[in-house]
Amino acid sequence: MTHKQRMLAVLQGQPVDRIPWVPRLDLWYRAHRRAGTLPEAYAHSSLMEMTDDLGFGYHAVVPDFKDLRTPEDEAHRALGIYNLPSMPVRTLFDGVPWRMTQEGDRQTVEYETPAGKLSTVTVYDDAMRAAGITITHVTRYAFTGPQDYEPLCWLFSRARAEPNYEGYSAFARRLGGRGFAAGFLSLAASPMHLIQRELMPLDVFFYEMNDRPDAVRRLADSIAQYWRQMYAVAAQAPAEVFLLGANYHAPIQHPRFFAEHITPWLAEFAGMLHGQGKYLLTHTDGENQGLLEHYLAAGFDIADSVCPRPMTRLTLGEIRRVFDGRITIMGGIPSVALVKQAMSDRQFDEFLDDFFRQIGRGDHLILGVSDTTPPGAEFERLLRIRDRIEAFGPAG
């Protein structure tokens with residue numbers, strides 16, 4: 001079986017010859033390539049060449065946010081909108097004058113609307129490059145005060161989703177059988193989640209929800225028309241798996257917020273995909289205590305980057321018991337387990353013994369590193385996990 005065939009079989013609940021091992025290595029690889037510290041055997045290899053040689057699946061879920069055709073591809077990043085060449089959907093703003101300027105590591109984008117101007121600033125610096133990070137950091141949010149509600153509503157009313165199927169298909173062809181090529185849509189799972197995570201600082205969002213809830217909801221309603229356009233375009237794309245939503249953390253996307261503002265939107269898109277035999281993946285890398293039942297209600301298929309104890313409160317076994325085969329876990333190995341300063345060799349051995357006891361039959365499981373393999377990870381530990389998977393044998 002190819003890695004992709006094995007991963008899709010796991011989603012369908014079919015037995016496989018072994019549990020897929022698909023660690024996310026992009027940040028680790030870029031950081032070590034930049035520093036000249038890749039393992040000697042792979043000093044001149046691409047990440048794809050390296051994973052091929054190691055027998056790992058290739059993690060193609062979170063994109064390279066610096067894989068750009070032109071700088072304009074990331075112009076709307078501070079709005080939570082990306083136009084990467086590998087994405088199945090491209091977003092345009094019809095009739096909106098905007099201007100982007102670059103000064104060193106700082107990028108400013110200004111939008112002209114009938115209701116007033118909006119301005120965003122993002123930064124991408126050497127420290128981020130050295131860490132392998134590709135997503136820029138927002139230093140000026142689109143929302144700076146109540147005067148920005150109307151301009152933002154107008155701006156999103158002009159957003160239009162269109163197909164980028166050829167770009168996505170080229171990405172999927174390059175990947176081949178190394179894994180599934182997730183159709184990346186948004187790090188937000190819904191219009192309200194977009195406001196919370198992208199358009200304003202988190203503390204400001206909660207103040208606004210308390211002080212001006214009607215204005216926040218009007219903005220979410222303005223985003224919703226674009227959001228459903230995105231759904232319609234994406235659902236027809238030639239992808240088997242789609243990524244929508246990321247970085248849930250129970251103290252922030254708390255159960256009541258999740259149930260009201262995220263669950264219905266994930267469920268709507270999941271239903272559209274399931275009608276075509278496709279799958280929905282969402283990135284659940286935070287504290288999931290209190291959210292698991294809401295994940296089941298949302299109807300998505302893959303909980304990507306599930307991160308258990310010791311980085312969060314829940315064990316992998318507890319999560320698997322609640323999911324009960326209805327959601328496939330992708331991830332499962334907490335990143336701290338790969339770092340010697342956080343977990344000694346003896347503790348790592350004990351962790352692996354306990355971890356493989358908790359996975360039961362190994363069904364509905366695509367093993368990887370949650371959230372990602374850090375630059376400080378011990379390379380040998382990745383190999384030891386691979387060896388334990390092979391020793392575990394068939395799963396399902």
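Thr-51 is buried, with a relative accessible area of 3%; buried means under 20% relative accessible area, exposed over 50% and partly exposed in between, with a 1.4 Å probe and protein chains only. Its place is in helix H3, where helices (H or I, at least four residues) and strands (E, at least two) are DSSP runs numbered from the N terminus. Leaving out residues up to four places away in sequence, Thr-51 touches Leu-25, Phe-56, Gly-57 and Tyr-58, contact being heavy atoms within 4.5 Å.

The model is predicted: local features need pLDDT of at least 70, side-chain atom pairs count only at pLDDT 80 or more, and totals for chains, interfaces and linings use all residues. Residues are numbered from 1 along each chain as its sequence is written, and side-chain values use heavy atoms, with hydrogens and water left out.

Helix H3 (47-54) is also among the elements against which the buried residues of helix H14 pack; the others are helix H2 (26-35), strand E11 (328-334), helix H13 (345-358) and strand E12 (365-370). These buried residues of H14 are Phe-379, Arg-381, Leu-382, Leu-383, Ile-385, Arg-386 and Ile-389. Just after H14, Gly-393 takes a positive phi of about 85 degrees.

Buried residues of H10 include Phe-257, Phe-258, Ile-262, Trp-265 and Leu-266.

Leu-266 is also one of the residues with the most contacts inside the largest nonpolar core, which has 132 residues; the others are Phe-180, Ile-195 and Trp-227. Such a core is a set of buried Ala, Val, Leu, Ile, Met, Phe, Trp, Tyr and Cys residues joined through side-chain atoms within 4.5 Å. Helix H9 (residues 213-235) gives the most to this core, with 13 residues. Beyond its neighbours within four places in sequence, Phe-180 is in contact with residues including Lys-4, Met-7, Val-241, Leu-281 and Ile-366.

Gln-276 lies in the loop between helix H10 (255-274) and strand E9 (279-283). Gln-276 is partly exposed, with a relative accessible area of 36%. A polar atom of its side chain lies 3.1 Å from the backbone oxygen of Ala-235, and the C-alpha atoms of Gln-276 and Ala-235, 41 residues apart along the chain, are separated by 8.2 Å.

Strand E9 is largely enclosed by the rest of the structure, because 5 of its 5 residues are buried. Tyr-279, Leu-281 and His-283 point one way from E9, and Leu-280 and Thr-282 the other way. Strand E8 (residues 241-246) runs parallel to E9, joined by 4 bridges; two strands pair if DSSP finds at least two bridges between them. Ala-246 stands opposite His-283 in E9.

Strand E4 (residues 116-123) is mostly covered, with 6 of its 8 residues buried. E4 pairs in the antiparallel sense with strand E3 (residues 106-113) over 8 bridges, and a hairpin joins E3 to E4 through 2 residues. E4 also pairs in the antiparallel sense with strand E5 (residues 137-140), over 3 bridges.

Notes
A polar contact is a pair of N or O atoms within 3.5 Å; within protein, one must be able to donate a hydrogen and the other to accept it, and residues adjacent in sequence count only if both atoms are side-chain atoms.
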